[in-house]
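Here is a short report on one protein model. Keep the structure in view as you read.

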Amino acid sequence: MTNVGKARSERCALTASSLVFSAFFLVPLTLVAAAAPDSSLIPSIFSPESTPAHSIHQLSLLVLAISAAIFLVVVGLIAYAAIRFRRRAEDDGKEPPQVYGSNPVEVAWTTVPLLIVVVLALATARVIQEVQNAPQPESALDVQVIGHQWWWEIRYPKLGILTANELHVPVSSENRRAPTFIELRSADVAHSFWVPRLAGKTDLIPNRVNKMWMEPTRTGLFLGQCAEYCGTEHAKMLLRVYVHTPEEFERWVSEQKAIIARNPEVAAGRLVFERTACVNCHTLNGTIGDGRFGPDLTHLMSRETLGSGALPNSPENLRAWIQQPDRFKPGVLMPGMNLTATELDQLAAYLATLK
Ligand code: CUA
């Protein structure tokens, strides 16, 4: 082979390795970004909007940069060796000289990886320490989250609010810090609370209390999900976090605390609720319903989704959901109640008033 040919095939090797790199890292990222309708809703760790998420983002960039460098060096060397030393027509068929016990080589490939691991371990330990040992300021909001198959119970113990699947928190600013400190528990199996743009992933383990916190610096809706396989409907255990201005948050709190006046127009639906097994699983203030197995329904219509993100919350969807929940969430633990069409209409009309 001529020198020109050799140089060309070596360049080819490098191009090939950078193509492989793009295929592994860049193409999937671009596809994900292109597929989502609203980029602000993509739950990506690469667009953090909260204090612990920023530290995790920076750490992940460091880890990715080091891994990418290693990847390029390894793939580049493999491709170079494969092309530069491939079998040729004029080969004499003899084995090339073998190298054994070279001290400089042994030292180099032991020390370099060791240093890389030490750097990664120290950087990670620092971020973990920073996030876990952050002191809780006086102004922090306390929230308890309990994982259930397959929904999230959310409580604000100091505010006396009980809700589900949609966490509402205030935004934090420099002169008005308002982080949210969350205690995580599980009612059944292991789950994992993960809203990538706001904080790292923390598991909810039965018989254990885990803690995490977030301090969002931008208002808006942030999506998350259960990140630990917890049974059939693990994939439909979605989370929504609404970050409000302090005024909006106050308004949300007062709406959640408000007592809904009895509406005589929907008394029939209320009766359907109280006479069926609904009351065994659902709490609804002002009725005999005090079950804890399913979500609290007191302010059901203040939530945007049903079934922990399985479908948008509207009176029509609510009716269809009550009639046959496993149509939307196969394996869901809520049974269809075999109500007549009239009873369904009455019940849906009643629940639709619970703003
Ligand atoms: Cu809960 Cu996966």
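How do α7 and α8 lie to each other: roughly parallel, roughly perpendicular or oblique? They are oblique to each other. The axes of α7 (residues 315-323) and α8 (residues 341-351) come within 9 Å and cross at roughly 130°. An axis here is a line fitted to C-alpha atoms, for helices over the stretch in contact, and angles run from 0 to 180 degrees between N-to-C directions. Angles under 35 degrees count as roughly parallel, over 145 as roughly antiparallel, 65 to 115 as roughly perpendicular and the rest as oblique.

Pro315, Leu318, Arg319, Ile322 and Gln323 make the contact from α7, and Ala341, Leu344, Asp345, Leu347, Ala348 and Leu351 make it from α8. Contact means heavy atoms within 4.5 Å. These residues divide into eight nonpolar, one polar and two charged. Here Ala, Val, Leu, Ile, Met, Phe, Trp, Tyr, Cys and Pro count as nonpolar, Asp, Glu, Lys and Arg as charged, and the others, Gly among them, as polar.

## The model and its chain

This is a predicted model, in which local features need pLDDT of at least 70 and side-chain atom pairs count only at pLDDT 80 or more, while totals for chains, interfaces and linings use all residues. Residues are numbered from 1 along each chain as its sequence is written, and side-chain values use heavy atoms, with hydrogens and water left out.

The protein chain has eight helices and twelve strands. Helices (H or I, at least four residues) and strands (E, at least two) are DSSP runs, numbered from the N terminus. The chain has 355 residues, and 39% of them count as buried. Buried means under 20% relative accessible area, exposed over 50%, and partly exposed in between (1.4 Å probe, protein chains only). Take the contacts between residues at least 6 apart in sequence: 62% of them join residues at least 24 apart.

The contact uses Ala268, Gly269, Arg270, Val272 and Phe273 of α5, and Glu343, Gln346, Leu347 and Tyr350 of α8. Five of these residues are nonpolar, two are polar and two are charged. In α5, the buried residues are Gly269, Arg270, Val272, Phe273 and Glu274. They pack against α6 (278-281) and α8. Aspartate 345 of α8 is partly exposed, with a relative accessible area of 41%.

Next come α2 and α3 (residues 103-132), which pack at about 170° with their axes 10 Å apart. That makes α2 roughly antiparallel to α3. Their contact residues include Ile56 and Leu59 of α2, and Val119 and Leu120 of α3. Threonine 51 lies in α2 (residues 51-84). It is partly exposed, with a relative accessible area of 33%. Leaving aside neighbours within four places in sequence, threonine 51 is in contact with Trp213 and Glu215.

## Nonpolar cores

A nonpolar core is a set of buried Ala, Val, Leu, Ile, Met, Phe, Trp, Tyr and Cys residues joined through side-chain atoms within 4.5 Å. The largest core has 30 residues, and Val145, Trp152, Tyr156, Leu167, Ile182, Phe193 and Val241 touch the most other members. Elements that each supply at least two residues include β1 (141-148), β2 (151-156) and α4 (246-257). A second, separate core has 23 residues, including Cys278, Met301, Ile322 and Leu354.

Most residues other than glycine have a negative phi, and most peptide bonds are trans. A cis peptide bond joins glutamine 149 and tryptophan 150, with omega about -5°. Tryptophan 150 lies in the loop between β1 and β2.

Asparagine 207 is not a glycine, yet has a positive phi of about 60°. Asparagine 207 is exposed, with a relative accessible area of 83%. Serine 308 is not a glycine either, and has a positive phi of about 55°. Is serine 308 buried or exposed? It is buried, with a relative accessible area of 1%.
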